[in-house]
Amino acid sequence: MLNKEKFISIVVAGMLFIFGYVFVKDNSQYVEDQIDELSNEIIHSQALTLERSIKRSTSSAVILGNHIHSLNGDTSDFEEYALGLYTLLGGITNLQLAPNGVITKIYPLKGHEKALGHDIFKSDTRKKEAFLARKSKKLTLAGPFTLIQGGVAIIARNPVYLEDEITIKNNEPHIHAHANNFWGFSSTLIYLEDLLNNTDMYQLKEKNYLYRLW
């Protein structure tokens, strides 16, 4: 039979074991909770950074579209104006104009020549967003998809609508309406790699974080 001292020792040892187990388990759970909380904060921060980068870059399509609208469809100063946007906003791979959905102007053009003459409305992979943008009259983001000229990118398409032209004939105003007033698209193309380079996404991998972007 166990004497009193041994019995107390066993009970104390058992209690210490239970207490230690509970303490370690609770502490482990606390550490895991802290890691989860930190990870969520990082995810939220990166998502906001990515969102701001996209909004800043794609706003160039709207600004370019407003410029074309103000000139009633005149594109003669496209290169000069696009250069200003490209330099000011950053994070842009190129800017495009597509009257009636056909890409006719790109800045900068180098490396993207193959896209010239491409009819967006006839592209099986891109026409859905193009028709949506024209119908909604709102900026539409398409992609990511593989480009004709190579690389994976997203494209922001801004539908441009012109005002009706009013002329005076026999002292009476006459309205000459454009077909549905739809002129075409002003677009911003952003390579996915360029977009991610504006964030800390790649650094997360170096710190052993695994993530998926969708």
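Biologist: How many cavities of 30 Å³ or more does a search of the whole structure find?

Modeller: Bearing in mind that this is a predicted model, a search of the whole structure finds one cavity of 30 Å³ or more. The largest cavity has a volume of about 50 Å³.

Biologist: Which residues line the largest cavity?

Modeller: Its lining is made up of Gln 96, Ile 103, Ala 115, Arg 126, Leu 147, Ile 148, Gln 149, Ile 155, Arg 157 and Leu 189. Sorted by class, the lining of the largest cavity has six nonpolar, two polar and two charged residues.

Biologist: And pockets? What is the volume of the largest pocket?

Modeller: The largest pocket has a volume of about 310 Å³, and of the 14 residues that line it, Ile 43, Gln 46, Met 201, Tyr 211 and Arg 212 lie nearest its centre. The elements that give two or more residues to this lining are α1 and α5 (201-206), with α1 supplying the largest share, six residues. By class, the lining of the largest pocket divides into eleven nonpolar, two polar and one charged.

Biologist: Which element gives the most to the lining of the second largest pocket?

Modeller: That is β3, with four residues, in a pocket that holds about 190 Å³ of space. The residues lining the second largest pocket include Leu 50, Ile 54, Pro 144, Leu 192 and Trp 214, and by class the lining has ten nonpolar, one polar and no charged residues.

Biologist: What does Ile 68 touch?

Modeller: Leaving out residues up to four places away in sequence, Ile 68 touches Gly 73, Asp 74, Thr 75, Leu 97, Val 160, Leu 162 and Trp 183.

Biologist: Last topic, then: how many salt bridges does the structure hold?

Modeller: It holds one, in which the side chains of Lys 55 and Glu 51 meet at 3.2 Å, N to O. The two residues are four apart in helix α1 (residues 4-70), so about one helical turn separates Lys 55 and Glu 51.

Biologist: Are those two buried or exposed?

Modeller: Lys 55 is exposed, with a relative accessible area of 53%, whereas Glu 51 is partly exposed, at 38%.

How values were computed. Residues numbered from 1 in each chain as written. Predicted model: local features only at pLDDT ≥ 70, side-chain atom pairs only at ≥ 80, totals over all residues. Heavy atoms only, no water. Salt bridge = Lys/Arg side-chain N within 4 Å of Asp/Glu carboxyl O. Buried < 20%, exposed > 50% of the residue type's maximum accessible area, 1.4 Å probe, protein only. Contact = heavy atoms within 4.5 Å. 1 Å grid on protein atoms, 1.4 Å probe; cavity = no way out; pocket = protein on both sides within 12 Å on 5 of 7 lines; lining within 4 Å. Points joined across faces, edges and corners; volume = space filled by probe spheres on them. Nonpolar A, V, L, I, M, F, W, Y, C, P; charged D, E, K, R; others polar.
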